Amino acid sequence: MSKPIVATTSLAGCFGCHMSILDIDEKILDLIELVEFNKSPIDDIKTFTKKCDIGLIEGGCCNSENIHVLKDFRKNCKILVSVGECAIMGGLPALRNGIPIKECLDEAYINGPSVQHNPKGIIPNDDELPMLLDRVYPCHEIVKIDYYLPGCPPRAELIWNALVALVTGDELKLPYEVVKFD
Amino acid sequence: MATNVQDIITKYNKDKTRLMDVLIDVQSEHGYIPKDITKEIARELDISHVDVEQTMSFYHFFSETPTGKYAIFLNDSAVANMMGRQKVKETFERETGIKFGNVTPDGAIGLFDTSCIGMNDQEPAALINGRVFTNLTPFRVKEILRDIKDGKAVEEMYSAAFGDGENRNELIKSVVQNNIRKKGPILSEDYTPGIVIWKKLPEMTPEQVIDEVKKSNIRGRGGAGFPTGLKWEFCRKAAGEKKYIFCNADEGEPGTFKDRVILTERPKLLFEGMVIAGYAVGATEGIVYVRHEYTYLKNYLENLLQGARDRNLLGKNIGGIEGFDFDIRLQFGAGAYVCGEESALIESSEGKRGEPRDRPPFPVEKGYLGMPTVVNNVETLCSVVKVLLNGGEWYAKFGTKDSSGTKLMSISGDCKYPGVYEVEWGFSVKDILEMAGADEDRVQAVQVGGPSGSLIGPDEFSRTLCFADLATGGSLIIIDNSRDLLTDIVLNFTEFFVEESCGSCSTCRNIPNMMKLKLEKILDARGIAQDITDLEEWGKVLKVSRCGLGQTAGNPILTSIKNFRHLYEEKIQKDKDYDTEFDMAAAVKASCEAAGRIPNLN
């Protein structure tokens, strides 16, 4: 039997969850024995080259590109997992959700104390740029998500245990130390 | 204005624990409590300004802005809506030219929604400057508004005769009807006020009183059903230089109005019960916490308390018992359902926000002002008078094995005879439907115990009312098949919990609101099967809330899913197992406008 194929991405996140994946240390050698990676920053494959079994999503959706990537993952992965606070609830980026987007943009590009020179009061508007959403959305509001791994970031062991459980079909080990948050 | 506030503060001895009373008086005097007054209150009571503001902002009937010369609070309970509230509301809005939540430009009339005001048997009802107007119709609304235009005083605006019994009393003069449909030991006329104090207490030790109450097996009537004798014993044994007896007359559970009737018709029985409790526990002060909506009974009750003092039923050496001193005062609330929770009620009486305390310690150990305190329901305190008069064994004969005595039921909704029924525990729902003249073939559901209780269907009507089966604080709302159960009842009750959460626990602050949105999604035919599962799962999380309000806030939805699942299932989209409600065009509209670019939606 061929190895299960895993894809990962970071949407509106900080890559902290991906760092946590790398935190499994020497187990990374076991990991590449266990699974094959496709689209992922880990192997730098930019587009899906085949259908995947598991998609790990870090971060929520703050712009139109996040939405496209997430929908692409849903199309190409049998199982999608929201990894970490931002994917599950929006996380830190969602702090802007109570503020109208125009106010956010004005503060960032026109009126903010760090704005040095913008005499024409331009807010970036190139067509190449992703369009910002009115608020940051958790992934499950955009596509169906099958599993959730909580944490900021989820501990390396939790991600590892979850992957192993998904691949082997065994029950997920959830010792207290892995899911306590204080 | 300034001297006025000074008078009020002086009246309460500049005591910061009486902040509620100060605010109530200012609100009623001025129609609102502006910032300069809250600052003055803070200075005079020697507390910080935010202390005043946080208490003030907590209660529905305190307002920082003027509420109008005539402040009209129209009840928004489920039954009010069933009885035609919508048309009454529309008439108010059309005739005054303003929407609810506003005051007319000339400052004459304010229109506001309010949670159940305890008049479910005579809805639609409203409070106008604290006075109750019942059985409102569009026609009646026009009359009232005409009277307001003519500048009539509120008490001159009644067109119908006053209600029955003591509602006609010179000191009450209200159109409220008692609607007593069935009497038992509590509502019986066969009662001589003071009889236990004169004849029984002098011959009994406090311990004997507690024993007698224990023998009766009486359990608290507020809904939780804690054995009363045991509570008294705990408090008696607790160490404290002063002890307090609280009567919880804050019945805020929509659909409940039995305490209103007791406070109107049997207040002496209640006061005597408090004196008995005071004697048993060793307390010197009693406080009746009355919900704001019953302020129209204030002068009447104050007068009776004075009468009791004159007759030595309150005061020093009561009933000739050397050294037995006990007095009672009224404490009014200001519109907060959560204050019916005993520790929140104590907090409120201390002049603070009505937020429930962490327990333990329980009030019997550390209650009002940190002293041992018994909090009993109105009905419980009334019952103990009869227990002492006739003996605990006599009382235990009423009702069932685990639930002794009688229970006052507040019956409302779709039936011929809404009102108060004093029945023995052990009656079935079916019995009550028959008594109340409900057309059984048409009844689709009964809400037992108010929004925090359960919504049951006909297959459960043979269940009996008792702590072992269907426990209830005493309200039954009958709903016939002309009603849309989910919209008229479940959504209304859920909105009630959203409105009444004190906000202290994040569960109760957030989840009811999320559940409400989800229910609206289902009602709007946008739901999927997962939404029903989500509601059930989220409801479980509410159980970690600190008080009963939060723990039961999901009950309208949870019990209706359990007993009327088909109503949910027939509304959801069956062909979808996932439905994103995300709309890219709507989501990027604002940012594209701000940046001046045309959305690219491909």
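I180(B) stands opposite V420(B) in strand β12(B), where helices (H or I, at least four residues) and strands (E, at least two) are DSSP runs numbered from the N terminus. The structure is a predicted model in which local features need pLDDT of at least 70 and side-chain atom pairs count only at pLDDT 80 or more, while totals for chains, interfaces and linings use all residues. Residues are numbered from 1 along each chain as its sequence is written, chains are lettered from A and ligands numbered from 1 in the order in which they are written, and side-chain values use heavy atoms, with hydrogens and water left out.

Strand β6 of chain B (residues 180–182) runs parallel to β12(B), with 2 bridges between them; two strands are taken to pair if DSSP finds at least two bridges between them. Strand β11 of chain B (residues 406–413) is antiparallel to β12(B) and is joined to it by 6 bridges. Within this second pairing, T406(B) has E424(B) as its bridge partner. The two strands β11(B) and β12(B) form a hairpin, with 5 residues between them. As for burial, β12(B), which covers residues 419–424, is mostly covered, 5 of its 6 residues being buried. Here buried means under 20% relative accessible area, exposed means over 50%, and partly exposed lies in between (1.4 Å probe, protein chains only).

Charged pairs come next. Over all chains, the structure holds 58 salt bridges, each being a side-chain nitrogen of Lys or Arg within 4 Å of a carboxyl oxygen of Asp or Glu. One of them joins the side chains of E285(B) and R329(B), with 3.8 Å from N to O.

The salt bridge between R565(B) and E569(B) has its closest N and O atoms 3.1 Å apart. Its two residues lie in helix α23 (residues 565–569) of chain B, 4 residues apart, about one turn of the helix. R565(B) counts as partly exposed because its relative accessibility is 31%, and E569(B) is likewise partly exposed, with a relative accessible area of 35%. In the salt bridge of D579(B) with K576(B), the closest N and O atoms are 3.6 Å apart. D579(B) counts as buried, at 16% relative accessibility, whereas K576(B), at 35%, counts as partly exposed. Elsewhere in chain B, a network of salt bridges links K231(B), E341(B), E342(B) and R359(B).

T494(B) lies in helix α18 (residues 485–500) of chain B and counts as buried because its relative accessibility is 2%. With neighbours within four places in sequence left aside, T494(B) is in contact with P512(B), K516(B), L519(B), P556(B) and I557(B), contact meaning heavy atoms within 4.5 Å.

Turning to chain A, there are 7 helices and 7 strands, arranged along the sequence in the pattern β-α-α-β-β-β-α-β-α-α-β-β-α-α. The C-alpha trace of chain A spans about 60 × 40 × 30 Å along its principal axes. Of the 182 residues in chain A, 43% are buried. Among contacts in chain A with a separation of 6 or more, 75% are between residues 24 or more positions apart.

Finally, the two chains meet in a contact that takes 23 residues from chain A and 19 residues from chain B. Between them they bury about 1,600 Å², 63% of it on carbon and sulfur atoms, buried area being the accessible area (1.4 Å probe) that two parts lose on being put together, summed over both. In chain A, the residues that lose the most area to chain B are N125(A), M131(A) and K144(A), together 32% of what that side buries. The count of salt bridges between chain A and chain B is 0, while 9 residue pairs (both at pLDDT 80 or more) are in polar contact. A polar contact is a pair of N or O atoms within 3.5 Å; within protein, one must be able to donate a hydrogen and the other to accept it, and residues adjacent in sequence count only if both atoms are side-chain atoms. On the side of chain A that touches chain B, α3 (64–76), α5 (101–111) and β6 (132–137) of chain A each supply at least two residues.
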